[in-house]
Amino acid sequence: MAGEPTKPKSAGDVASARADARKGGPLPETKPSASEDIAAFVAKARAMSPHRPDARGRLVFALDATMSRQPTWDMACALQADMFREAASLGSLDIRLVYYRGFNECRATGWISDSAQLARLMSKIGCQGGNTQIGKVLSEARREAVASGVRAMVFVGDAMEESVDDLCAKAGELGLLKVPVFMFQEGHDPTAEQAFREIARLTGGAWCRFDPGAAAQLRELLRAAAAYAAGGREALLRLSKTASGAAALIGQMK
């Protein structure tokens, strides 16, 4: 069904595919990407960039859906329509919801341009206990940035249980593609803060904290991210004159 969550390829899927390939013969040797290959990759991605004036804004909206996140998930369900309303005054916005939960489950919807449709999808998703999978979220954002163009990514979470160096490598790739990541942290976990700040810095995005259960704070941050995705830096600058969330983001962005 269009719009239903689909599962990005996991490490297990890739390993299975490689095993199948080996049955039919050895895999061809791969060589490290030369600087020319990297330059060509970045040039191709930028040629497809959504930053053109006539392009629809595209925002990857990523959420931690592990068990501790249920209250914030419900809050995000109630607030997501505000992102579309903010974008409507600037142009248009498509959102791709990405979330992880449980044991090694990370899923993504198709591109959604209607707040009611996104709300329906989110209402069907329940939080489940599990570890963080931020690396998969960043990889999915990178894949979409190359395949169809992404103007920004938002991540809402409260923990980080992965290799920070691995996450920073993935964030660096998004930085090359000019996709800022807005890392919105609930609570005060110092490990998460260190990682989230670095991801934001490497992508040219921003890190902001909001208090547990603070709907007004999260609403302001989501509105600001939507403004950037729909109208770019100029739209965020205009919003920053009246909204504290936008001012917090623009103050950090390169």
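Two strands are taken to pair if DSSP finds at least two bridges between them. Strands (E, at least two residues) and helices (H or I, at least four) are DSSP runs, numbered from the N terminus. The model is predicted: local features need pLDDT of at least 70, side-chain atom pairs count only at pLDDT 80 or more, and totals for chains, interfaces and linings use all residues. Residues are numbered from 1 along each chain as its sequence is written, and side-chain values use heavy atoms, without hydrogens and water.

Strand E5 (residues 181-186) pairs with E6 in the parallel sense over 5 bridges. Phe182 stands opposite Ala206 in E6. Together with helix H7 (residues 190-203), E5 and E6 make a right-handed β-α-β unit; with the strands pointing away from the viewer, the path from the first strand over the helix to the second runs clockwise. Strand E6 (residues 206-210) is largely enclosed by the rest of the structure, because 4 of its 5 residues are buried (under 20% relative accessible area, 1.4 Å probe, protein chains only).

Val156 lies in strand E4 (residues 152-157). Its relative accessibility is 2%, so Val156 counts as buried. Beyond four places in sequence, Val156 touches residues including Phe61, Asp64, Phe184 and Phe210 (heavy atoms within 4.5 Å).

Asp64 lies in strand E1 (residues 57-64). Asp64 is buried yet has no salt bridge (a side-chain nitrogen of Lys or Arg within 4 Å of a carboxyl oxygen of Asp or Glu). The nearest side chain of opposite charge, Arg69, is 4.4 Å away. Among the contacts of Asp64 beyond four places in sequence are Trp73, Thr132 and Asp158.

Definitions and conventions: Buried means under 20% relative accessible area, exposed over 50%, partly exposed in between (1.4 Å probe, protein chains only). Lys and Arg count as positive and Asp and Glu as negative; His and the chain ends are not counted.
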